[in-house]
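Please read the points in order, with the structure in view.

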Amino acid sequence: MDEPVLPERPRLAPGVRLHFDKTRGAWVLLCPERIIEAEGPASEILKRCDGTRSVAAIVDELAAVFAVDRAVIAHDVTEMLTDLAGKRLLAS
Amino acid sequence: MNPLGMLAELTHRCPLGCPYCSNPLALEDRADEMDTATWIGVFQQAADMGVLQVHLSGGEPASRRDLIELTRAASEAGLYTNLITSAIGIDSDRLQRLKAAGLDHVQVSIQDTDPALSDHIAGYAGAHARKLALAEAVTGLGMALTVNAVIHRANIANLSGMVALAASLGAGRVEVAHVQYYGWALRNRDALMPTPEQIDQAMQEMDALQTRYAGRLVIDSVIPDYYARRPKPCMGGWGQKSLNVTPSGVVLPCHAAATIPGLTFWSVRERSLADIWANSPAFEAFRGTAWMKEPCQSCSLQTTCFGGCRCQALAITGDAAAADPSCELSPYHSHMQELAHQASGGAYAYRGRKEGTAVPAR
Ligand code: SF4
Ligand code: SF4
């Protein structure tokens, strides 16, 4: 089994986009044949997956926004992106 | 609760003749199809009431001359657009225009890896080659591709080959879609039903495939109903998450709901989509759990599986309010298993053609 490799500058895969659901007042990730809720911090991470920012840059920006330890944020970001990559939701 | 997904059956016309087609025996006529402006209005209403994804389907949606216009309108309304196609009628030029119109995702069905068997199953010479060409064009344009591998008696032994084909075409996702016996497919149940040995073999292969392709290809598969022990939560519950609009504008809680006698369906030609969703007698009929009988009524899983599929309950038990007989707790469960075990294979019945075409041996 291959461990998903995190792209240097993460970007959502084709057919995957972040969308603000006005009816329900919530961010969602629209994917082929599925919808994933992207609440709070998740949407903040996903908004920055535009192929221009490195993972470290994303972590830096979030550390500036949230009053949370950088190491904790780094852990959360890596975990979430690894999960998305495993589901083929990040461009490789 | 508002719907998240809408299946838009743009037309029932289709050049193919798949024996497993789940569309009804009697298809809607071209003359009854909604025009471009009416469909666009439906997309806007859907987006306004909270629908997020629209599945452009059919029949073959490419049979609509206005497919690009409809796709653009759905996309501009804010909907995620998914095209479900057999590939016939979409060349690379049309695909590029669909992409420019905002198409998010393409789902192409395949019948097998062998061109001759594939074309025989589809009832259309040259279908396989066109499917491969479209799949390659989709990934070539950097678009998201799902391959829908429709699985049944004639190709189940080639499951791994079909998944490998999907991977080689660059699909991000493959749907291992065991035939569901609705509409025309029910007529071909004996011919399409895999044997118990085939199912056992396929289930083992599925585990190996999941491991082999982990992280590279998402493989979505469910246990085929006739060999299951518990039903699938059909549609995520009747009238809970999605709706289905037929070519003429009739709104159904699911694709096969029109087979259920006694239900009154409303049309978007006469009422708003939101009104239909909230108040149509057909949506009210099996929403929630109040309609349930035993064994569902006192079952702790009733809000997990919602009693399964109403259309399947009807087809096997004669009662649309019965438990889905794919459930072990249904008194009809063993009857359903027998139907599967007794299936004898044989020739397909194709729509509009004389019966008796033989399935070529593999
Ligand atoms: S299942 Fe086959 S025949 Fe039926 S609509 Fe789809 S492509 Fe056409
Ligand atoms: S008895 Fe009814 S509710 Fe319970 S698992 Fe079976 S189908 Fe679902």
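1. The contact between the two chains draws on 20 residues from chain A and 31 residues from chain B. The model under discussion is a predicted one.

2. Together, chain A and chain B bury about 1800 Å², and carbon and sulfur atoms account for 53% of that area. On the side of chain A, the three residues that contribute more than any other three are A:Arg24, A:Glu33 and A:Arg88, which supply 32% of the area that chain A buries against chain B.

3. As to secondary structure, 14 helices and nine strands are found in chain B. With 362 residues, this chain has a radius of gyration of 20 Å, close to the 21 Å given by the globule rule, and it is therefore as compact as a globular protein of that length. Along the principal axes, its C-alpha atoms fill a box of roughly 50 × 50 × 45 Å.

4. Within chain B, 56% of the 362 residues count as buried. Of its contacts between residues at least 6 apart in sequence, 71% join residues at least 24 apart. The accessible surface of chain B is about 14200 Å², and 51% of that surface belongs to carbon and sulfur atoms.

5. Which residues lie around ligand 1? They are B:Cys14, B:Leu16, B:Cys18, B:Tyr20, B:Cys21, B:Asn23, B:Gly59 and B:Ser86. Sorted by class, this shell comprises five nonpolar and three polar residues, with no charged residues.

Technical notes
Residues are numbered from 1 along each chain as its sequence is written. Chains are lettered from A and ligands numbered from 1 in the order in which they are written. This is a predicted model: local features need pLDDT of at least 70, side-chain atom pairs count only at pLDDT 80 or more; totals for chains, interfaces and linings use all residues. Side-chain values use heavy atoms; hydrogens and water are left out. A residue is near a molecule or strand if one of its heavy atoms lies within 4 Å of it. Ala, Val, Leu, Ile, Met, Phe, Trp, Tyr, Cys and Pro count as nonpolar, Asp, Glu, Lys and Arg as charged, and the others, Gly among them, as polar. Helices (H or I, at least four residues) and strands (E, at least two) are DSSP runs, numbered from the N terminus. The radius of gyration is taken over C-alpha atoms; the globule rule is 2.2 Å times the number of residues to the power 0.38. Buried means under 20% relative accessible area, exposed over 50%, partly exposed in between (1.4 Å probe, protein chains only). Contact means heavy atoms within 4.5 Å. Accessible areas come from the Shrake-Rupley method with a 1.4 Å probe; for residues, only the protein chains shown count as cover. Buried area is the accessible area (1.4 Å probe) that two parts lose on being put together, summed over both.
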